Amino acid sequence: MTSAEMAIPEAAALRLDVDAANPLPPIRPPAEVSTLRLLRAFRSDLLAAFSADAYLQLRVTFRRLGRQFVVLSDPDDINHVLNTHLDRYQPNVLAQRLLEPIVGRGLVLAEGAEWEQQHRQLIPVFQPRHIDRLVPAFHVTADAHVASWLNGMEKGHVAERNLLVDFRRLTLAVIARSMLSIEDETRTAQLADFASQAESAGALLRWQDYVALLAWKNIAQPAERLDVGARWRAWVGGLLDQRPPIDDVEQARDMLDLLRAARDGASGAPLPRALIVDQIGTMLAAGFATTALGLYWTAVMLALFPEHQEAVRRELCQGPIDAPPDFAALRASRVATAFLYESLRLYPPAYIIAREARQEDRIGDFVIPRGAAVIIAPWLVHRHAALWPHPHRFDPGRFLQAGRITLPKAWMAFGSGPRVCIGAAFATMEILVILRCLLGRYRISLADPAPSAVGRVTLLPDTQPVFRLTPL
Ligand code: HEM
């Protein structure tokens with residue numbers, strides 16, 4: 001198969017999309033990824049580990065650090081790994097180590113029969129009717145944050161904001177309220193502390209992680225990561241202890257109650273206490289930074305494409321803006337949804353999905369050796385020359401056909417197969433509610449050049465430009 005060993009010049013196709021009609025920062029993949037570059041990429045920007053041919057070839061294989069890497073971008077290959085033969089693959093060792101202290105045995109890392117049981121228990125919790133019940137909480141939190149950005153400023157002034165910081169605060173407050181009914185500043189700040197400690201404990205690779213990657217999987221976690229995990233468990237355990245028993249989901253006031261009231265369809269058993277704690281950690285780890293970044297990249301696109309911004313505003317901001325939105329109308333909002341999907345196509349917060357082959361596997365005559373690192377990168381799949389016309393251009397129209405939303409099979413911002421994101425509807429609704437509050441009050445533009453993407457645990461911006469919010 002095609003290999004990144006083969007040096008190819010920087011792909012002409014990539015350059016073609018970088019023209020006056022495309023205000024997005026260009027990407028400049030290397031022709032080849034040496035071992036040194038790969039090691040650097042692990043520390044600073046995993047996007048730098050994708051060579052130019054990964055944007056042009058559907059299968060790329062290379063051997064580095066004593067390990068076979070297989071990068072798959074063909075939707076049929078992806079379906080093989082993430083769906084029809086998912087039992088032949090396990091979570092990548094690094095993802096496991098970085099997430100485990102907070103998510104424990106929760107859904108993200110559970111496997112086999114354990115995953116199936118947890119999934120059965122959690123699917124009802126994420127039903128649209130429960131998410132719809134959270135919409136007023138999304139709205140109240142978003143409205144208060146967005147309105148406060150003009151506090152203390154004179155009438156007619158323009159607010160200059162770092163929306164990365166603002167959106168992280170806002171989405172954390174939404175999680176605190178909708179998952180844990182936390183509204184006071186002290187406990188919201190404690191939750192924010194856990195989120196950032198977990199992020200920094202999980203973002204930096206330590207020497208133990210390199211040992212785990214290259215030699216011995218079972219080496220102990222760094223003490224700092226274990227410590228964050230233990231304090232997190234004690235904190236959520238404390239919240240659980242304060243609540244009266246519950247066994248009817250209809251009485252649930254938040255996600256924690258829904259988990260406490262959930263019963264196994266087969267045995268009728270409630271979730272064990274330790275597992276409830278793990279699932280709350282899972283939702284925080286999987287749902288906080290991803291949603292904040294999804295919102296952030298969407299705001300960058302709104303600023304870069306003012307005509308689209310107007311169209312999204314027209315659709316979302318009907319009726320009084322400080323009243324909670326009608327969730328049926330939000331769900332039917334095609335212009336805004338297509339805009340969001342296109343933003344998540346170009347900037348997928350969960351930009352890489354890594355698995356490890358448990359056994360030798362074959363897709364036709366293509367062999368994936370046992371132990372190979374299998375990389376499925378929404379970032380690459382979404383920008384692949386064989387899968388999208390003008391892949392680097394922003395065009396929400398790709399998701400609209402005859403006025404209806406359509407999802408091309410190469411779109412996978414929320415993953416694919418049975419392990420697709422369980423929080424996709426939650427995140428989509430939350431983002432639409434926040435966009436409605438934002439666009440109902442302000443016109444958004446950028447005071448600085450747009451950021452480029454950097455691949456860390458999630459897809460971060462390389463700079464934090466000032467956004468101008470002009471009151472309407
Ligand atoms: C824009 C926001 C989000 C994005 C882009 C996103 C993306 C993803 C992706 C790509 C996966 C698949 C990972 C894999 O196959 O390895 C995933 C899984 C998951 N996501 Fe999300 N997610 C988002 C928001 C959320 C939210 C808000 C929650 C919870 C409230 C959540 C909970 C989960 C869980 C529990 C899984 C694991 C599912 C399983 O393994 O069965 N996510 N997410």
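Helix α12 lies across β11 and β14, and runs at about 90° to β11. Such angles run from 0 to 180 degrees between N-to-C directions, with axes as lines fitted to C-alpha atoms, for helices over the stretch in contact. Helices (H or I, at least four residues) and strands (E, at least two) are DSSP runs, numbered from the N terminus. Please keep in mind that this is a predicted model, in which local features need pLDDT of at least 70 and side-chain atom pairs count only at pLDDT 80 or more, while totals for chains, interfaces and linings use all residues. Residues are numbered from 1 along each chain as its sequence is written.

Let us look at the strands under discussion. β11 and β14 belong to an open sheet of three strands, in the order β4-β14-β11, with antiparallel pairing. Its edge strands are β4 and β11, each of which pairs on one side only. From one strand to the next, the twist averages 25°. Two strands pair if DSSP finds at least two bridges between them. β4 (residues 159-161) pairs with β14 (residues 467-471) over three bridges, and here Glu 160 stands opposite Arg 468.

The largest nonpolar core has 128 residues, and among the members that touch the most others are Tyr 296, Ala 299, Val 374 and Ile 434. α12 gives the most to this core too, with 19 residues. A core of this kind is a set of buried Ala, Val, Leu, Ile, Met, Phe, Trp, Tyr and Cys residues joined through C-beta atoms within 7 Å. Tyr 296 touches Leu 163, Leu 164 and Phe 167, leaving out residues up to four places away in sequence; contact means that the C-beta atoms, placed from the backbone, lie within 7 Å.

Val 374 in β8 is the bridge partner of Val 70, where β2 (residues 67-72) and β8 (residues 373-376) pair in the parallel sense over three bridges. β8 also pairs with β5 (residues 353-357), in the antiparallel sense over four bridges, and there Ala 354 stands opposite Ile 375.

A last stop is Asp 77, in helix α3 (residues 75-84). Is Asp 77 buried or exposed? Asp 77 is buried because 20 other C-beta atoms lie within 10 Å; the cut-offs are 20 or more for buried, 12 or fewer for exposed and partly exposed in between, with C-beta atoms placed from the backbone. Beyond its neighbours within four places in sequence, Asp 77 is in contact with Arg 59, Leu 72 and Ile 363.

Technical notes: Contact = placed C-beta atoms within 7 Å.
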